[in-house]
Structure formats: structure tokens, C-alpha cells
Amino acid sequence: MLKDALNGKYKLGAVQLVERNGWYYFIVPIKKEVSVEKRDTVVGVDIGLRYLAVITVLHRDGKITDVEFLKYRKLLDKIRYLWRRIDYLKSLLPEGQRSSKQIRRLWRKTRRINDWIAHNVSKRIVEVAKENNAMIALEDLRWSRPKRGRRRKDMNRRLANWVHGRIAKYTLYKANWEGIYVKFVNARDTSKRCHVCGAVGYRKSVIFSCREHSYTSNADFNASVNIGIRAMFPSVWGIVNMPAPSGCKTPCVSEG
Ligand SMILES: [Zn+2]
């Protein structure tokens, strides 16, 4: 990248020297000019804890051409385990003390895992968007839907927000570098509505069911398509209700 910058492909910013833990680092900002355009294809992303991310490629004519499920269950379990361990260690601390060397070490470990997940998930999201010349639709965390939790509800919500925030940040960063437009959408009801007809359905565990047209699908997949639709047509529910593209009288539905 530095070589490309020196050859004039990118612009170099002002170099900074910083000190961190006794080490000295040079920070070299590299700037790339990109034009970010809206596209006719969208990569809808649903981020949850069962599948860390469900990635769907949706076209303006209503066709779904790719679906991917990314799972990181073991790593999430590892973070949960480390958090419980941190809580336990905290309970042993003498009064007035809030942290210890061991606790800080465990925190660093969980951060590394979260970073690794976010790096890999965001990398795949941006790759899929690039392959399909698409924009990206992500759930806006400020509108984050209430998660139905049972036991350890708070820990799961905290974990979901933490992981989601990192993925969103990395995705935005990587997408910007590639000139890919990222839209953050209000995800309200995106897991309640049928992505095909737009009717309110119901969700039981991993299955979403629509009574309106007797249809069932994976619930996270359904939500990811709804997030994609919302990015392209903010007031439309369901693929069949999407405005028909020119040259096509009725929107084409594919049940991927
Ligand atoms: Zn339906």
C-alpha cells in the first residue's frame, strides 16, 4: 500500500510519531479518493447471535441470488465464558479495587476475539458486495430491536451489541475504502414481516412462518432480506410489493 502511495495511487497525509507502552510508532495516513454511488443491488445483512451474520444479495427486480450464513458460535461461547470468569474474578477483588492484572488480561483476550470476528465477517460482507456491485444494508444499532432473552438475557444483549458494533464499524471502514455505499436502516419489524408478501408472520425459534401465503423460511434469512428491501425502498414491505423495474410488469419473486 505504501508503495502504491509513493507511486501516486493514493495520497499520503502528515506522518505522526506516537509512543505507546515504550514503543515508538510512525502513523502514516493513506488517502484514497472514491466515488460512493447507490446501486441497484443490495447486500442485506442480519446480525444475530445464532448466525453471526446472514448475508443476502437482493436485486431491484426482487431476485435473490445469493445467501450466506456465517457462524462463529464457538468464539461467542468463548467470549461468554471469559466474561463469566471476569465477573467471578471481580467478585473476589478486595473492596475499593475495580480491576486486576488478570482481569485486564482477560479483557484483552475477549477484545482480540471480537476483533477477529468483526474483521472476518466485515471482510466477507464487503467481498460479497464487491462481487455483486452492490451496496450494503446494515441494521442501525440506535434502533436496535429488543431481543427476546431467557436466561442470561443481559449478557446476550451486551454481547450482541458489542459484536454488532464492531462488525458495523469495520464494514463501514472497508466498504468506504472500496467505494461501496453503506446504508444503516431502522430494523424495526424486519424479523416480524414476511419478506415475500410483507404480512406480519410469527417466529418460532429459527423458523419464520407466514400464514398469509403458507410460507416458512429461516428467520434470520427472512430478516436479512427485509433489511435489504428497507435500504432500497424504505416504505415497502415484501418483495411482491416492490416497485416493478422498467420492462417488467410484475416484480419477479424468487424464493431462494
Ligand atoms: Zn408471506
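Visitor: Why is Phe 26 called exposed?

Guide: This is a predicted model, in which local features need pLDDT of at least 70 and side-chain atom pairs count only at pLDDT 80 or more, while totals for chains, interfaces and linings use all residues. Residues are numbered from 1 along each chain as its sequence is written, and side-chain values use heavy atoms, with hydrogens and water left out. Phe 26, which lies in strand S3, has a relative accessible area of 64%, and because exposed means over 50% (buried is under 20%, partly exposed in between, with a 1.4 Å probe and protein chains only), the term applies.

Visitor: Why is Arg 105 called partly exposed?

Guide: Arg 105, placed in helix H3 (residues 101-131), has a relative accessible area of 44%, so it is called partly exposed.

Visitor: What makes S5 and S8 a pair of strands?

Guide: Strands pair if DSSP finds at least two bridges between them; three bridges join strand S5 (residues 41-47) to strand S8 (residues 135-139), and the two run parallel. Within S8, Ala 137 is the bridge partner of Gly 44. Strands themselves are DSSP runs (E, at least two residues), as helices are (H or I, at least four), numbered from the N terminus.

Visitor: What makes S7 and S9 edge strands?

Guide: The open sheet has five strands in the order S7-S6-S5-S8-S9, with mixed pairing. Strand S7 (64-70) and strand S9 (182-185) each have a single partner strand, so one side of each is left without a neighbour in the sheet.
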